[in-house]
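Visitor: Could you take me in for a close look at one single part of this chain? I'd like to see the whole first, then the detail.

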Amino acid sequence: MISSQHQRRFWQQTLIYALLILMTVLWLIPVISAVLTALRPFNEILTYGFWSLPRDITLQNFVEAWRRGGLSRYLPNSFIITLPSLVGTLFLSSMAAYALARFRFRGDRFLLFVFVGGMMLPFQILLLPVFRLTDALGLYDTYWGLILFHTSFQLGFCTFVLRNYMRTVPQDILDAARVDGCNEFRIFWQIMLPLTKPALAALATLEFTWIFNDFLWALVLIQRESLKPVTAGLATLQGQYVTDWTVIVAGALLATLPTVIVFLALQRYFIRGLTLGAVK
């Protein structure tokens, strides 16, 4: 009986690991294909196809993507848009989450539902209203149009996650600070924010990735080439009749490096920050 249970457990674990390995391989296929494409000459791909083994390895595609693709201009634009949006989103959502998690007032549930409802709103229906609003406010084709949009659009998700996380902080800690004479902003700034560092780091990783990789809103709200982020700027490398995919893929790989670096720097907080506060 015991041996049959061990065998069943063994085969179950074997099946699980086999499925995980298969899923990992399937996920890595596009990544491997992109790396092989970026390291090969364009003529070789035209002759032998994308999935053939490389015969010549070159880094010239990355040089061409940096020069001809304008990455030296587009990458700083992405940081100019992403970093203020990230700071504004985390700061405003943390204050809203603190109020919703620690205070009881009329309409607090309704306000929380508004934040949650904003998360579920399809962004496609906002294309025309946001475009007309930014144009009316004089923010069209400026950095601030994208920064304010990303900040406001991401507030719902960040507030929802931080509110659930802050509810796990013991109330006794905050009451002790009030007894010692701390005002609410000092409690929020010096006690609550340090305790929610894992959640903030996890959200910073997600929000940096989402905002940095945004393509649609950069295409809608930015017209001048000098202001475009890297996602919209790479689209200029696509020709009308012939497209040099080796240079485009090389530029895309260079554009992913900042998000990979941010994730590696904050990965130890990532899982802990997303799971804590998810349940009561």
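Guide: Let's start with a term: helices (H or I, at least four residues) and strands (E, at least two) are DSSP runs, numbered from the N terminus. By that count, the chain has 14 helices and zero strands. Its radius of gyration, taken over C-alpha atoms, is 24 Å, well over the 19 Å that the globule rule (2.2 Å times the number of residues to the power 0.38) gives for 280 residues, so the chain is more spread out than a compact globule. Along the principal axes, its C-alpha atoms fill a box of roughly 75 × 75 × 35 Å.

A word on what you're looking at: this is a predicted model, where local features need pLDDT of at least 70, side-chain atom pairs count only at pLDDT 80 or more, and totals for chains, interfaces and linings use all residues. Residues are numbered from 1 along each chain as its sequence is written, and side-chain values use heavy atoms, with hydrogens and water left out.

Now zoom in on Thr-82, which sits in helix H4, residues 71-102. Thr-82 is one of the buried ones, with a relative accessible area of 1%. So what does Thr-82 touch? Leaving out residues up to four places away in sequence, Thr-82 is in contact (heavy atoms within 4.5 Å) with Phe-208, Ile-211 and Phe-212. As for the chain's contacts between residues at least 6 apart in sequence, 76% join residues at least 24 apart.

Key. Buried < 20%, exposed > 50% of the residue type's maximum accessible area, 1.4 Å probe, protein only.
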